[in-house]
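Hello,

Here is the model for you to open. My notes follow below it.

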Amino acid sequence: MGKRRKLSPPSRARLAALTTAVAGGAVLASGTAHAEPTPTLASVKEQVDRLNEEAEQSIERYNGFQAKQQKLQGEASRIQEKVARGQEAMNELRTRLGAVAADQYRSNGMDPGIQLMLDSDPAAYLERASVQNQVAGSQANLLKQAQDEQRKLDQDRAEAAATLAELDTVGASLGAQKSQIQTKLAQAQTMLNKLSAAERAKINAQESADKAKAAAQQAAAADRASRSAERPGTNTPAPPAAGGRAAAIVQFAYAQLGKPYGWSMTGPNSFDCSGLTGAAYRAADIKLPRMSQDQWNAGTRIARGDLQPGDLVFFYNDLHHVGIYIGDGKMIHAPRTGKNIEVLPIGVMPYMGAVRP
């Protein structure tokens, strides 16, 4: 037998090369295992739509807080004016009591009831109404008037303090909602900015196709209903043309087409969804609440088959979107940030019902 050849150990250079190769393979495998998939256009559109819908929900809550803030500000001003008038009346009464006290002091000393009323803490007197029995005639009436005035003043001050505290709470909620809206809109815009112009065009084309499909489905449904109405024994009259107040509402809505959506805006240059409906109804001398959810309770519920131009149509389970029905299965609405006021089939969004204020 020949002698076996003894294998020499690998050199340091070869070991280093092998180690580097193995490590590189591990890194490559790791990178492949954890690579983030490139989002599809459909997933981007879905996320952007979701963020915009969540933003609109927050916008309607913001509108509600804003309306409450305005109401509380009015109440606070009214109460504070009332407190100021009460303080003036109280100051006048104390001046009159001071004159009575001076007369008594010059004659036979100050009456203890008046002395107490003029004390730096008149509330102490109000807790001891029995002092009124120590004075007579016009003095007693004057003290009773001062007592009543002080009680009303204290009540008004307490009411003003409570209203101002509630105003602070609403203001904080308003700020929180605004921050939430801005965050969601910024997230949606960031996602869109990452797309190329061609990809954004595809998304817009898909939205247009969805609208056209919804319109075709609605037209087909209307055609089936029309043929059914022509059969004997059926009675489904076509909705009448808008007239009177409905005409004013619809005409106003048409005049706003193409104007931009603006969150929490009520016109005249931009609107959000409930801002548009509120402005349209004001054109017909009808006042609607600010929030879409409150507008839902502002009139008579109307079945889908009984819709007439000018009716309010509502969407999504929480009623956070509203438009103005214009006939033929269509509405005018303010869609969302980045879009303009448009005509849209009511079947495009999850339809919840209609109201006729």
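Of the 357 residues of the chain, 35% count as buried (under 20% relative accessible area; exposed is over 50%, partly exposed in between; 1.4 Å probe, protein chains only). This is a predicted model, so local features need pLDDT of at least 70 and side-chain atom pairs count only at pLDDT 80 or more, while totals for chains, interfaces and linings use all residues. Residues are numbered from 1 along each chain as its sequence is written, and side-chain values use heavy atoms, with hydrogens and water left out.

**Overall**

The chain has nine helices and six strands (DSSP runs numbered from the N terminus: helices are H or I, at least four residues; strands are E, at least two). Its accessible surface is about 21000 Å², and carbon and sulfur atoms hold 53% of that (Shrake-Rupley method, 1.4 Å probe). Among contacts with a separation of 6 or more, 67% link residues 24 or more positions apart (contact: heavy atoms within 4.5 Å).

**Salt bridges**

The count is eleven (a side-chain nitrogen of Lys or Arg within 4 Å of a carboxyl oxygen of Asp or Glu). Three of them in detail:

- Lys45 pairs with Asp49, with the closest N and O atoms 2.8 Å apart. The two are four residues apart in helix 2, so about one helical turn separates them. Lys45 is buried at 16%; Asp49 is partly exposed at 27%.
- Glu54 pairs with Arg50 at 3.3 Å between the closest N and O atoms. Both lie in helix 2, again four residues apart. Glu54 is partly exposed at 22%, and so is Arg50 at 42%.
- Arg290 meets Asp272 at 3.0 Å, N to O. Arg290 sits in the loop between helix 8 (273–282) and helix 9 (292–295), and Asp272 in the loop between helix 7 (245–255) and helix 8, so the pair ties together parts 18 residues apart in sequence. Arg290 is buried at 18%. Asp272 is buried at 0%.

Shared partners also join Arg50, Glu54 and Lys184 into one salt-bridge network.

**Cavity**

There is one cavity of 30 Å³ or more (a set of points on a 1 Å grid over the protein atoms alone, where a 1.4 Å probe fits but cannot get out; lining residues have an atom within 4 Å of a point). The largest cavity has a volume of about 40 Å³ (the space filled by probe spheres set on the points, which are joined across faces, edges and corners). Its lining includes Asn52, Glu56, Tyr261 and Arg336. Helix 2 (residues 41–107) gives the largest share of that lining, four residues.

Best wishes

Terms used. On a 1 Å grid over the protein atoms alone, a cavity is a set of points where a 1.4 Å probe fits but cannot get out, and a pocket is an open set with protein on both sides within 12 Å along at least five of seven lines; lining residues have an atom within 4 Å of a point.
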